[in-house]
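Thanks for making time this morning.

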Amino acid sequence: MSKASVFFADGFEEIEALTAVDLLRRGGVQVDMVSLGEGLERTGAHGVKVLCELSLAQARWDSADMLVLPGGWPGAENLCRSEPLRAKLLEFAADPRRWIGAICAAPYVLGSLGLLRGRRATCYPGFEEKLGGAVATGARVERDGRIITGRGPGVATEFALALLEALEGAQKAGEVRDGLAL
């Protein structure tokens with residue numbers, strides 16, 4: 001069974017974070033909801049409170065196959081300020097067996113680490129200059145190597161299905177897609 005960690009920092013974009021958790025779980029992926037900050041409760045960009053399952057100190061880095069960064073503001077900025085998360089993103093990017101997903105404003109975190117330099121990536125319109133030398137495509141969802149980026153809340157389902165496909169294959173992603181009656 002594949003495992004993913006989705007990171008919640010105050011100001012996260014609710015639809016992006018929860019759609020990723022939901023669709024990955026529907027596809028059989030074990031998903032940890034990881035809180036960045038004091039306690040397990042995080043508040044989204046639109047005031048929705050979410051109770052995470054693990055703190056950053058409890059994150060199961062060794063067993064995770066994928067790290068997922070939802071966007072939102074100031075959520076993405078709060079993710080970017082986490083030195084432990086930044087270190088793990090660099091580690092995952094160097095591992096040919098592991099994946100990273102970031103949507104909306106969150107690809108900025110990857111750009112700040114130099115992980116997008118020369119890669120095709122997409123992000124929320126207006127954040128392109130924060131992608132650290134990426135080839136900003138403006139696509140709805142972009143996959144370059146083992147990094148998957150998404151444009152914003154309007155493509156949350158498409159992004160989550162791309163994450164699922166990367167971990168569990170096209171057939172499983174298609175089954176989940178069909179179950180959504182898209």
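Let me begin with a definition: rings of Phe, Tyr and Trp (for Trp, its six-membered ring) pair if their centres lie within 6.5 Å, and planes under 30 degrees apart count as stacked, over 60 as edge-to-face and the rest as tilted. Please keep in mind that this is a predicted model, in which local features need pLDDT of at least 70 and side-chain atom pairs count only at pLDDT 80 or more, while totals for chains, interfaces and linings use all residues. Residues are numbered from 1 along each chain as its sequence is written, and side-chain values use heavy atoms, with hydrogens and water left out.

By the ring rule, the count comes to 4 aromatic pairs. One of them joins Phe8 and Phe12, whose ring centres are 5.0 Å apart and whose planes stand at 75°, so this pair is edge-to-face. Phe8 is buried at 0% relative accessibility, where buried means under 20% relative accessible area, exposed over 50%, and partly exposed in between, with a 1.4 Å probe and protein chains only. Phe12, at 1%, counts as buried too.

Trp73 and Tyr108 also form a pair, a tilted one, with 5.8 Å from centre to centre and 50° between the planes. This pair links distant parts of the chain, since Trp73 lies in the loop between β6 (66–69) and α2 (75–80) and Tyr108 in helix α4 (residues 107–112), 35 residues apart; helices here are DSSP runs of H or I with at least four residues, strands are runs of E with at least two, and both are numbered from the N terminus. Trp73 is partly exposed, at 43%, whereas Tyr108 is buried, at 13%. Ring pairs link Trp73, Tyr108 and Phe127 into a cluster.

What about the cysteines? The structure holds 0 disulfides, a disulfide being a pair of cysteine sulfur atoms within 2.5 Å. The sulfur of Cys123 is 8.6 Å from the closest cysteine sulfur, that of Cys104, which is too far for a bond. Cys104 is buried, at 7%, and so is Cys123, at 3%.

Finally, which residues of helix α6 (residues 170–179) are buried? They are Ala173, Gly174 and Val176, and they cover an arc of only 165° around the axis, which puts them on the same side of α6; the arc is that of the directions from the helix axis to the C-beta atoms. The face turned away from that buried side carries the exposed residues Gln171, Asp178 and Gly179.
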